[in-house]
Amino acid sequence: MLNNPRSHGLWEHSATPARETEALEAAVVADVAIVGGGFTGQSAALHLAQRGMTAVVLEAVEIGFGGAGRNVGLINGGMWVMPDDIPGVLGTKYGERCLGLLSDAPTLVRRIIEEEGISCEIEKNGTLHLAVGSQGLKELEERHRQWTARGAPLQLLDAEEARRRTGSPAYAGALFDPRAGTLQPLSYVRGLAAAAMDAGAQVFTRSPVVSYERQGDGWQVTTPRGSVTARWVIVATDAYSTGPWQAVREEQVHLPYFNLATKPLSSNLRKSILANCEGCWDTKEILSSFRMDQRGRLIFGSVGALRNTGNAIHQAWARRSLKRLFPQLAEVEFEFAWFGQIGMTSDAVPRFHKYEDNMVGFSGYNGRGIAPGTAFGRVLASYVCGEINDDDLPLPVTEVRPQTLRIAKEGFYELGAQIAHLAGARI
């Protein structure tokens, strides 16, 4: 997008074509104005339209331009934080409710894809959280204990089973989540938008919101060539927030994450790696992830930005790492390379904000955008329609607070990933 091959990479190349949209060039009246065309915004629009509400989505660039079109494509449940720690952060009522919602979120994604006929390369064979060494295995054993105590159907696998499923002997074990899976994220968000439009929502692209002001008992949000007057405004801009909701961006530290995709593997190579197409990531602090697309490309990623000196450092590290994990891929070339930004909150837990009366939004997904974004979008639709109130929400209402030393932290993460990868995976 925007003629930048480093922004969306493989996903832009292989995505289902987007439904045709235009910029807003009129004054429109609706029940709800939704700012942001990612997973949350499109899910909210779909569920509002299904309830008979008039919803207008305003996307600054194109559908899926932000995190929705740049990520790995893992449909994960839960959060990074250990389940038992969440009630300590959110309180018992909200903590367990949020865990329940996000535990079921992959099932919601699957159901929407099936009901709306969204073509997005979905794979339903689960995910593997891979243990690096004995400490990694201890972490997964504890995650398994805490999640299964809540009824989640996770399975703890030994080293031999992890080797059989991945094709690599590098791991001490794995935590298998059968609810999860992978998809083509840009195709999925484009499919959500098409489903929302089919249900009656309007979606405008190239329509950044430049201001908003009170209009009667609602709001008027203004774009360069148009406006929407609505009783409710849903802010769904998250880590890529700019303009009137720049504060949402300042509440999060950007953690860069890149992905590299190989050329399609031969049938022999394909059989030896991820034969069941699980999505994978490991327990390292500077983690790695890998998965297959439906053309047989291996998509390999980690923390870091593919710019300046980072481009050569991270790609060289990735080649060394793949050779260590899968020696048979030593000569395989990368066909696509791209990166984006993960918005990290101070406690790695999402936020629910009331920016003004009748102006609300979730943000801070901490690298778990697909399933949580879809689920939170549905919650926002229920909230706006009056089906639930503050006491029924999965998160408490909090104020927007900028993170201290945010710019310094972001520089540290980007440089630190380069330093780690410069020496990492030396064979």
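Because the model is predicted, local features need pLDDT of at least 70 and side-chain atom pairs count only at pLDDT 80 or more, while totals for chains, interfaces and linings use all residues. Residues are numbered from 1 along each chain as its sequence is written, and side-chain values use heavy atoms, with hydrogens and water left out.

Over residues 31–382 the chain is 35% helix and 28% strand, and the end C-alpha atoms are 13 Å apart. Helices (H or I, at least four residues) and strands (E, at least two) are DSSP runs, numbered from the N terminus.

The sheet comes next. Eight strands form an open sheet in the order S5-S6-S4-S13-S14-S15-S12-S16, with mixed pairing; two strands pair if DSSP finds at least two bridges between them. Strand S5 (155–158) and strand S16 (334–344) stand at the edges with a single partner strand each, so one side of each is left without a neighbour in the sheet. From one strand to the next, the twist averages 20 degrees. Within this sheet, strand S4 (residues 127–131) and strand S6 (residues 173–177) pair in the antiparallel sense over five bridges, and Leu128 has Phe176 in S6 as its bridge partner.

Two helices pack on the sheet. Helix H1 (residues 5–14) touches strand S12 (253–262), strand S14 (288–292), strand S15 (298–303) and S16, and its direction makes about 115 degrees with that of S16. Helix H12 touches S12 and S15, and the direction of H12 makes about 35 degrees with that of S12. Contact here means heavy atoms within 4.5 Å. Axes are lines fitted to C-alpha atoms, for helices over the stretch in contact, and angles run from 0 to 180 degrees between N-to-C directions.

Helix H12 (residues 406–423) also meets helix H10 (residues 309–325): their axes come within 8 Å and cross at roughly 40 degrees. That makes H10 oblique to H12, since angles under 35 degrees count as roughly parallel, over 145 as roughly antiparallel, 65 to 115 as roughly perpendicular and the rest as oblique. The crossing of H10 and H12 is left-handed (the near helix is turned anticlockwise from the far one by less than a right angle; clockwise would be right-handed). Among the residues in contact are Trp317 and Arg320 of H10 and His421 and Leu422 of H12. By class, this contact of H10 with H12 has five nonpolar, five polar and one charged residues. Ala, Val, Leu, Ile, Met, Phe, Trp, Tyr, Cys and Pro count as nonpolar, Asp, Glu, Lys and Arg as charged, and the others, Gly among them, as polar.

Two further helix pairs can be described in the same way. The axes of helix H4 (residues 92–116) and helix H11 (residues 370–384) come within 8 Å and cross at roughly 90 degrees, and H4 and H11 are therefore roughly perpendicular to each other. The contact of H4 with H11 has 13 nonpolar, one polar and two charged residues. Helix H2 (residues 39–50) and helix H7 (residues 185–199) pack at an angle of about 25 degrees, with their axes 8 Å apart, and are therefore roughly parallel. Their contact divides into 12 nonpolar, three polar and no charged residues.

Finally, strand S17 (residues 351–356) and strand S18 (residues 359–363) run antiparallel and are joined by five bridges. S17 and S18 form a hairpin with two residues between them, and Asn358 in the turn has a positive phi of about 60 degrees.
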